[in-house]
Amino acid sequence: MLKLLIRLSILIVLLLVVGLTAGLAGLWYFGRGLPDYQQLADYQPATLTRVHAGDGRILAEYATERRLFVPVDAMPKLVIRAFLSAEDKSFYSHPGVSLPDIARAAIVNLINKGTGQNRRPVGASTITQQVAKNFLLGNEVSLARKAKEAILALRIERALSKDRILELYLNEIYLGGGAYGVAAAALNYFNKSLDELTVPEAAFLAALPKAPNNYSPTRYPEAAKVRRDWVIGRMREDGWLDEAAAERARAAPLVVRSRGETEAVRADYFAEEVRRELLARYGENGLYRGGLSVRTTIDPRLQAIAARALHDGLEAYDRRHGWRGPLARIEVGPAWAIRLAQFGRPAGLGEWQIAVVLATPESGAEIGFADGSRGFIPFAEMRWARAQKENQRLGPSLRQPSDALALGNVIAVEALVDAPPVDGAKQYALRQIPNIGGGIVALDPHTGRVLAMAGGWSFEISQFNRVTQAMRQPGSSFKPFVYMAALDAGFTPTSLILDAPIVIDQGPGLARWKPANYSRNFFGPSPLRIGIEQSRNLMTVRLAQNIGMDKVANYAERFNVVDQMPQQLSMALGAGETTLMRLTAAYAMMVNGGKTIVPSMIDRVQDRNGKTIFRHDGRPCEGCEAEAWTGQPQPALPDTRKQVVSPATAYQMVSILQGVIERGTGRRIKELGKPLAGKTGTTNQGFDTWFVGFSPDLAVGVFIGFDTPRTLGPNETGASVAVPVFKETMAEALKDKPAIPFRIPPGIRLVRVNPATGQLARTGERDAIWEAFKPGTETLAADAPVLDGGASVPAMAIPASDAGGLY
């Protein structure tokens, strides 16, 4: 008996030695060349960058992996407990691997294999092992990988705290639907933040790590609910829920809630400009993996107003110039709906629908849709569709629907919501995607913050931004900078300028330039104000000739309209090129009292930890960091804006531009009944149309023209094309707001004058205005001199066909 015990003891010792030797050999063999687990201490997972509108709503998101990083101490206990119950209930007690779980998994796998069940092997990976796999090893299914995983898990546990390991796991794990990490998954499946999740919702998220695609609540709702209820049961077993709470959670339906449409702001052109700025500032890694939180300047309400106004303006212009034909033509037969369904939806269609013409009776057009339903277009809703001819001219008026539409035409239509059905068919209107480009931008004139931006009809059609990227001639909208230079050179708003023909000698071998007014008429001596209000080219050329184009170029550069502007007289009529953004910002500097502003689209950028790493407003602010108010005075922020022109000159120009709307080329805006000012612009042959203007606290610029410059057609000017867009924008933006007058700076003298003559107004004169003068310049003489200029000027102009301003 003793010998047997001795032999048994020796055998046990030998087995222990062999086992220990094998274990050490395994540790040495599988531990060679393992990845450096120390990197996890400083690891920051690729995290979603979120761009917010000014009111906090989501504008855009950029990421290689849709992940929102949340520190573990900010995660709700409910979420943590759900994942621990589902994945690793002994996480806070084991050293990285769980021997009981390994033994259980081994027994289950042996039973499955012995009974011939072809099941996937049961795992026993702890959360730490999953971190080792996800971050350092990969998804290879093998004993070697499991051994390496276990070794790394033991090492990770010695290097990192349990909370740090759990933080890495919950932020890194893929949970289906393109969502990485629990925070992104909560938004993806339930449109909630983590602290808003209910017990069944948290349990569902915890059910996903093993096989997120197999438990998709939309594709496999029954399997998803079974798995969720299993997690709820585990939470009950672990003591996180009582029986009543577990029953309530199991009884709850599994309902997925997509992110609400109202929570996102649509501003594609603006978002793209922000993306480019972030990319330039932080690089691809910072933008797509850095987890930045970006607060932008955009005002969602104003953005919607401006985008709608631009759409309305582009569509109105396009309809005025006729029908370019159907999108396509298909054969109309028994399978017309199937053929229509195969026709791709064109970019830029928006809320319009695709239809096919089935018949054209005298009363209109019968149309069909891809779902087999039918509709009707009344003839009145297609009368605009006269054939478009060369140079935007129109063909003959329509006499019947078949003059525009034919059987099988694939067309765009818009539902007439308020129109009654015709023989049971809903009524629609014929529509056409405009082929003209345009842009609108709205700025805060005091800060330069961009409040709204639309760079075209549709970002789907073209990502080219006509606000920031289109370099076009501003035409007469450039004239205010000529006149401000004149006001600073000693002229007043009532100075008389001769409006009469002038001939410019362009030099040897070149024909003489004979600029003309848009109307081709001449009005003799006229007050300087009239040159802007009625957009008189001849007065502008004489004024620029008198003060010198070097001064005009200086003002263009000071206001950042044109860089290094050629000192040629034609430039005074807007022949140089600029962008809508630059021109609108320049106008904003007039109404803010002559202070420099720089258009900005980003207010603040925070890193993934909430630290502010960029702030556009860089002014020093003593006292702004106080943690609480203890009776101290409100901090005073210094005004660090550079004075680009005197407040008096700026206000004089504001007053003159207000006259454009009261009596001049923008007079159709007057009916809004608000203090507004601005200037039209149209280039030669009607290639470019503009209106840039402002209220005391809002600057808005509009440009409309073809991307490849060509005429907009007969009689189309800034007044007919751009002004309606500005008017609609301001009407909605200022609705229900008080009429705030333009601010008058100290020192301005207001004198009642006749705007047509520039002379003192007589008592009771109805058309008199209050004219703004600088101190000492308000004396008005009946025999004031007239600036008439010379009959011939040395070569200073480019050929007339390339000159800018008209009207």
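Trainee: Which side chain does K210 meet in a salt bridge?
Mentor: K210 meets E87, with 2.9 Å from N to O. Keep in mind that this is a predicted model.

Trainee: Where do K210 and E87 sit in the chain?
Mentor: K210 is in the loop between α8 (199–206) and α9 (221–237), while E87 belongs to helix α2 (residues 77–87). The pair links distant parts of the chain, 123 residues apart.

Trainee: And is K210 buried or exposed?
Mentor: K210 counts as exposed because its relative accessibility is 54%, and the cut-off for exposed is over 50%. E87 has 9% relative accessibility, so E87 counts as buried.

Trainee: Why would such side chains pair at all?
Mentor: Opposite charges can pair when the charged atoms come close.

Trainee: OK, new one. What about E201 and K192, buried or exposed?
Mentor: Both E201 and K192 are buried. They form a salt bridge too, and their closest N and O atoms are 3.0 Å apart.

Trainee: What does E778 pair with?
Mentor: E778 forms a salt bridge with R749, where the closest N and O atoms are 3.9 Å apart. E778 lies in the loop between β22 (769–773) and β23 (786–787) and R749 in strand β21 (residues 749–753), so this pair ties together parts 29 residues apart in sequence.

Trainee: How accessible is E778?
Mentor: E778 is partly exposed, with a relative accessible area of 26%. R749 is partly exposed as well, at 39% relative accessibility.

Key
Residues numbered from 1 in each chain as written. Predicted model: local features only at pLDDT ≥ 70, side-chain atom pairs only at ≥ 80, totals over all residues. Heavy atoms only, no water. Salt bridge = Lys/Arg side-chain N within 4 Å of Asp/Glu carboxyl O. Helix = DSSP H or I, 4+ residues; strand = E, 2+ residues; numbered from the N terminus. Buried < 20%, exposed > 50% of the residue type's maximum accessible area, 1.4 Å probe, protein only.
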